[in-house]
Amino acid sequence: VHVDLIGAIHIGDKAYYDELNRRFRGYEAVLYELVAREDANVPQPGQDPGSVVGGMQVGMKSLLGLEYQLDGIKYDRKNLVHADMSPEEFAAAMKSRNESFAGMFFRMLGRAMAEQADDPFGTGDFQFMAALFAKDRAHRLKLVMAEQFADLEGEIGMFDGPEGSAIITERNKKAFEVLRREIAKGRKKIAVFYGAGHLPDMQRRLEQDFGMQQTGTDWVTAWSLVPSGDSASRQEPK
């Protein structure tokens, strides 16, 4: 059995989602994340994300000139399989762990304040404001935001403690219940398409619980940071 962990970037270049759609054709099953009932309709382009976080991502899409994941990925393909909690399961998991969205918010606020303390002169804020009013606003904002998003492990660390969390640990357990089900059906080539912050825990589970070994890493450009007027021969950051 071959399992690829594919890190989802929730807003990205259209070419990124086009490439993922092309690669998804090569799998017998692509397990995807979406907190929704298993029998719910697949996401449709232009669909209301239905959450504050989703709304923020849609807003960033417009600001940065990028595509939104629910618009870019073809979820109606037969090999795409829902592998996430229902809203009721997620709420129950948070309650059992004594977690709340308010607590998550204050963790994020605390981290933001700590980062601000490391930047007493507000250079990050200045760069953001300068980019906001630049003629090439979308490109400049992408450069500023990409630097912020680079610290992925630190961001996820806010939510995942020594005992795990509902948003990472419990959802990963649910995803891998579906993975076991697909393997039991005889699927040999499977992808798990989840937010990149879920993947370190998923890799540990594949190694410890499934006896798998990592064979390699492949990179796909999610955001091209090369200005559109530059030569196409320049190497793009991954």
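These legends describe close-up views of a predicted model.

**View 1**
The model is predicted, not experimental. Of the 238 residues in the chain, 36% are buried. Take the contacts between residues at least 6 apart in sequence: 77% of them join residues at least 24 apart.

**View 2. An open sheet of 4 strands.**
The strand order is S1-S6-S3-S5, and the pairing is parallel. Strand S1 (2-8) and S5 are at the edges. Each has a single partner strand, so one side of each lacks a neighbour in the sheet. From one strand to the next, the twist averages 25 degrees.

**View 3. The parallel pair of S1 and S6.**
Strand S6 covers residues 189-195. S1 and S6 are joined over 7 bridges. Gly7 has Tyr194 of S6 as its bridge partner. Helix H10 packs on the sheet here and touches both S1 and S6. The direction of H10 makes about 170 degrees with that of S1.

**View 4. Strand S3 and its parallel partners S6 and S5.**
S3 spans residues 29-32. On the S6 side, 4 bridges join the strands. Tyr32 stands opposite Phe193 in S6. On the S5 side, 3 bridges join the strands. Val30 stands opposite Leu80 in S5. Which way do the S3 side chains point, and are they buried or exposed? Ala29 and Leu31 point one way from S3, whereas Val30 and Tyr32 point the other way. All four, Ala29, Val30, Leu31 and Tyr32, are buried.

**View 5. Helix H1 across the sheet.**
H1 is formed by residues 14-24. The helix lies across S1, S3, S5 and S6. H1 runs at about 165 degrees to S1.

**View 6. The crossing of helices H9 and H10.**
H9 takes in residues 166-184, and H10 takes in residues 199-209. Their axes come within 10 Å and cross at roughly 45 degrees. That angle makes H9 oblique to H10. The crossing is right-handed. From H9, the contact uses Thr169, Asn172, Lys173, Ala175, Phe176, Leu179 and Arg180. From H10, the contact uses Asp201, Met202, Arg205, Leu206 and Asp209. By class, the residues of this contact are 5 nonpolar, 2 polar and 5 charged.

**View 7. Ser86 in the loop between strand S5 and helix H4.**
Is Ser86 buried or exposed? The relative accessibility of Ser86 is 10%, so the residue counts as buried, since the cut-off for buried is under 20%. What does Ser86 contact, leaving aside its neighbours within four places in sequence? The partners are Val35, Ala36 and Arg37.

**View 8. Glu177 of helix H9 and Ala83.**
Glu177 has a relative accessibility of 51% and therefore counts as exposed, because exposed means over 50%. Glu177 and Ala83 are 94 residues apart along the chain. In the model, their C-alpha atoms are separated by 8.1 Å.

How values were computed:
Residues are numbered from 1 along each chain as its sequence is written. This is a predicted model: local features need pLDDT of at least 70, side-chain atom pairs count only at pLDDT 80 or more; totals for chains, interfaces and linings use all residues. Side-chain values use heavy atoms; hydrogens and water are left out. Axes are lines fitted to C-alpha atoms, for helices over the stretch in contact, and angles run from 0 to 180 degrees between N-to-C directions. Helices (H or I, at least four residues) and strands (E, at least two) are DSSP runs, numbered from the N terminus. Angles under 35 degrees count as roughly parallel, over 145 as roughly antiparallel, 65 to 115 as roughly perpendicular and the rest as oblique. A crossing is left-handed if the near helix is turned anticlockwise from the far one by less than a right angle, and right-handed if clockwise. Contact means heavy atoms within 4.5 Å. Ala, Val, Leu, Ile, Met, Phe, Trp, Tyr, Cys and Pro count as nonpolar, Asp, Glu, Lys and Arg as charged, and the others, Gly among them, as polar. Buried means under 20% relative accessible area, exposed over 50%, partly exposed in between (1.4 Å probe, protein chains only). Two strands pair if DSSP finds at least two bridges between them.
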